[in-house]
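This briefing is meant to be read beside the sequence and the model.

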Amino acid sequence: METSEPQWLSSEEREAWLALMSLFMRLPSALDAQLQRDAGLSHFEYGILAGLSEAPDRTLRMSTLAVLAEGSLARLSQAVGRLEKKGWVRRTPDPADGRYTLALLTDEGWDKVVATAPGHVAEVRGLVFDQLTKAQTRQLRDIGRRIMRAVDPDDPCGATRSSPAAAD
């Protein structure tokens, strides 16, 4: 049985891959640190609040929110439990189908997102967009979309956003 030699990365591809992997590892930690310091939230918790803030009626099924927040239902449930204790999220059975649970952003949760978003946006801008030209920003968008189509053609996070949490 004949096996083919792997198609190794070129030197330029390897440098790009290492830069991308370094970014994937360090940027989330930097964003998490800012949110913890300024708002007492993890990046995951902020993602939950932001996702709900953009949803119709600030409400999503927990299963949909788990996909949007890139977390398992178990991890989401624990995080939503913490957010419920703070009065920012409420869970309720889905009246359309009682097998599902809805997560609702409360008015206090909305206020938390509105208060947190400016600092988060400033951090995203400082770490990412202030480092790029307008042309590089468009390239980054196009590159991200192209790679995401290969990773997950049905990615729900590609839609245009319009809430205070739009930087996420």
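Helix α5 bends by about 35 degrees at A117, and a proline, P118, follows within four residues; the bend at a residue is the angle between axes fitted to the seven residues ending there and the seven starting there. The model is a predicted one, in which local features need pLDDT of at least 70 and side-chain atom pairs count only at pLDDT 80 or more, while totals for chains, interfaces and linings use all residues. Residues are numbered from 1 along each chain as its sequence is written, and side-chain values use heavy atoms, with hydrogens and water left out.

**Helix α5**

- Helix α5 covers residues 107-127, and its 21 residues should span 30 Å at 1.5 Å a residue, which agrees with the 30 Å between its end C-alpha atoms; the expected span of a helix is 1.5 Å times one less than its number of residues.
- The buried residues of α5 are G109, K112, V113, T116, A117, H120 and V124, where buried means under 20% relative accessible area, exposed over 50%, and partly exposed in between, with a 1.4 Å probe and protein chains only.
- An α-helix has 3.6 residues a turn, so residues three or four places apart point the same way.
- The buried residues of α5 pack against α1 (11-39), α2 (43-54) and β3 (101-105), a contact being heavy atoms within 4.5 Å.
- D107, which lies in helix α5, is exposed, because its relative accessible area is 57%.
- Between D107 and D154, which are 47 residues apart along the chain, the C-alpha separation is 31 Å.

**Helix α2**

- Helix α2 has twelve residues and reaches 16 Å from its first C-alpha to its last, close to the 16 Å expected at 1.5 Å a residue.
- Ten of the twelve residues of α2 are buried, and the helix is therefore mostly covered; among them are F44, Y46, I48, L49 and L52, and also E45.

**Overall fold**

- The secondary structure comes to six helices and three strands, where helices (H or I, at least four residues) and strands (E, at least two) are DSSP runs numbered from the N terminus.
- Along the sequence, these elements follow the pattern α-α-β-α-α-β-β-α-α.
- Taken along the principal axes, the C-alpha atoms fill a box of roughly 55 × 45 × 25 Å.
- The protein has 168 residues, of which 29% count as buried, and among contacts between residues at least 6 apart in sequence, 60% join residues at least 24 apart.

**The loop at G87**

- G87 is found in the loop between α4 (73-85) and β2 (89-93), and it is partly exposed, with a relative accessible area of 28%.
- Not counting residues up to four places away in sequence, G87 touches T106, E108 and G109.
- G87 and T106 are 19 residues apart in sequence, yet their C-alpha atoms are 7.1 Å apart in space.

**Salt bridges**

- A search of the whole structure finds seven salt bridges, each being a side-chain nitrogen of Lys or Arg within 4 Å of a carboxyl oxygen of Asp or Glu.
- One of them joins E84 and R91, whose closest N and O atoms are 2.7 Å apart; E84 counts as partly exposed at 29% relative accessibility, and R91 is partly exposed at 28%.
- Another salt bridge pairs R99 with D97 at 2.5 Å between the closest N and O atoms, and here R99 counts as exposed at 71% relative accessibility, whereas D97 counts as buried at 18%.
- The side chains of D142 and R141 also meet in a salt bridge, at 2.9 Å from N to O; D142 is partly exposed with a relative accessible area of 38%, and R141 counts as partly exposed at 38%.

**Surface**

- The protein exposes about 11,200 Å², of which carbon and sulfur atoms supply 54%; accessible areas come from the Shrake-Rupley method with a 1.4 Å probe, and for residues only the protein chains shown count as cover.
- I143, I147, M148 and V151 form a nonpolar patch on the surface, with about 350 Å² of accessible area together; patches are made of residues with over 30% relative accessible area and no salt bridge, like charges being joined within 9 Å and nonpolar side chains (Val, Leu, Ile, Met, Phe, Trp, Tyr) within 5 Å.
- V151 lies in helix α6 (residues 134-151) and counts as exposed, because its relative accessibility is 59%.
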